[in-house]
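Try each one before you read its solution.

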Amino acid sequence: MKLIADATIPALDACFSAFGTIERLPGRAMRAEQVRNADALIVRSITPVDAALLEGSSVHFVGTCTIGTDHLDLDYLDAHGISVANAPGCNAEAVVDYVLMSLLTLAERGGWRLGERCVGVVGVGNVGGRLVARLNALGVEVLCCDPPRAEREGGDGFVELDTLIERCDVLCFHAPLVREGPHRTQYLLDAERIAALAPHSVLLNAGRGDCIDGLALRNRLAGQNDLSVVLDVWEHEPDIDASLRDLVALATPHIAGHSLDGKLRGTWMIQQALAAHLGRDIEGSFSALCPPAAVPALTLSHALPVEDALRLCMRAVYDVRRDHDSLHREVLMQGIRKGFDHCRAHYPLRREFATLEVTLVGEAAELASPLRAAGFCVTLA
């Protein structure tokens with residue numbers, strides 16, 4: 001069996017060598033002639049998988065080690081009897097880590113507390129649902145907008161997007177990209193809604209770039225400069241809008257879910273899917289793929305203010321400012337497209353908050369609840 005795989009996917013040998021030979025290719029540069037004789041294709045979100053890539057090939061399985069599938073032509077794959085698998089939820093915890101770190105970074109810069117804000121979450125699926133759970137556990141007021149879920153579940157617990165815009169200080173977008181139909185999300189936050197955002201609001205998008213009208217957002221920021229914006233996803237990646245990037249508070253190159261744990265989880269999930277497709281049993285567990293964390297433990301012996309303690313522990317694992325600075329630096333040196341892709345291709349190892357065990361001594365024990373709520377493993381000494 002021949003497998004073609006994105007060269008950046010981790011643990012390829014550990015997960016797929018038992019199936020056959022693996023040929024590694026750049027994910028953004030895969031071509032039809034390269035995959036024609038393959039049996040399986042293992043990709044990430046940067047590889048469009050459609051007729052142009054697969055027509056006339058022997059591929060019978062496509063696995064994407066990502067949550068989303070909007071880079072896959074599902075109609076074509078279904079019509080040609082090609083099995084498809086994705087990895088829902090594989091990096092959801094990493095994205096929530098990114099969101100909390102970003103919001104607490106903006107709070108530190110602006111001199112406000114996240115606990116005093118009302119957060120609106122748009123798209124309450126694998127990522128949004130976990131974010132809501134962590135924010136609720138931290139005591140943050142949260143409103144949820146998810147029209148498909150509201151339709152299925154009767155509407156209880158959900159509000160309309162315009163209500164979120166009216167009532168929330170912070171908006172976090174985690175909606176999938178839907179281009180057509182009653183629940184279309186392309187330009188869900190359009191020019192009219194961007195104009196309606198209250199001054200000093202926070203807007204964060206770690207879902208899909210096309211859910212927000214980038215030109216309208218750029219015009220709002222250029223004209224009024226009264227929003228704090230965090231963008232991890234962009235229209236036209238990797239050819240992102242350089243002017244918009246320069247105007248947002250935190251700009252990162254679609255890496256919110258790029259924890260090592262999330263990537264390994266995605267690889268492992270596609271391994272399991274390929275085994276099921278072939279009717280084979282595969283030995284091994286997900287935990288066996290994960291190496292020890294570089295910073296496995298931290299001890300706090302004083303009762304710091306809650307959000308200061310959260311920032312301290314978060315930054316022991318991950319600091320979003322590094323990714324913002326990296327994108328700025330690489331774009332200066334290589335230009336937008338190459339700089340964006342360089343950051344993604346050479347992304348440093350990053351672990352999830354859950355890999356850090358925080359030991360609390362004495363009066364620091366009062367921090368146990370918020371630290372657990374944020375996702376850390378907590379022990380009391």
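Helices here are DSSP runs of H or I with at least four residues, and strands are runs of E with at least two. Keep in mind that this is a predicted model.

**Exercise 1. Describe residues 290-365.**

Step 1. Start with the record. UniProt lists residues 290-365 as "domain: Erythronate-4-phosphate dehydrogenase dimerisation", in an unreviewed entry.

Step 2. Read the make-up. Over this stretch the chain is 49% helix and 11% strand.

Step 3. Look at the ends. The end C-alpha atoms are 29 Å apart.

**Exercise 2. Classify the crossing of α14 and α15, and find its hand.**

Step 1. Locate the helices. Helix α14 covers residues 320-334, and helix α15 covers residues 336-345.

Step 2. Take the geometry. The two axes come within 7 Å and cross at roughly 140 degrees.

Step 3. Classify. The angle makes α14 oblique to α15. The cut-off for roughly antiparallel is over 145 degrees.

Step 4. The crossing of α14 and α15 is right-handed.

Step 5. List the contacts. From α14 come S326, L327, E330, V331 and Q334. They meet I336, K338, G339, F340, H342 and C343 in α15. By class, this contact of α14 with α15 has five nonpolar, four polar and two charged residues.

**Exercise 3. Which are the edge strands of the six-stranded sheet?**

Step 1. Recall the bonding. Strands of a sheet pair through backbone hydrogen bonds, either parallel or antiparallel.

Step 2. Write the order. The sheet is open and runs β7-β6-β8-β9-β10-β11, with parallel pairing.

Step 3. Find the edges. They are β7 (141-145) and β11 (250-251), since each pairs on one side only.

Step 4. Inspect one pair. Strand β10 (residues 228-231) and β11 pair in the parallel sense over two bridges. L231 stands opposite A251 in β11.

Technical notes
Residues numbered from 1 in each chain as written. Predicted model: local features only at pLDDT ≥ 70, side-chain atom pairs only at ≥ 80, totals over all residues. Heavy atoms only, no water. Axes fitted to C-alpha atoms, helices over the stretch in contact; angles between N-to-C directions. Parallel < 35°, antiparallel > 145°, perpendicular 65-115°, else oblique. Left-handed = near helix turned anticlockwise from the far one by under 90°. Contact = heavy atoms within 4.5 Å. Nonpolar A, V, L, I, M, F, W, Y, C, P; charged D, E, K, R; others polar. Pairing = 2+ DSSP bridges. UniProt positions renumbered as here; feature names shortened; annotations may be inferred.
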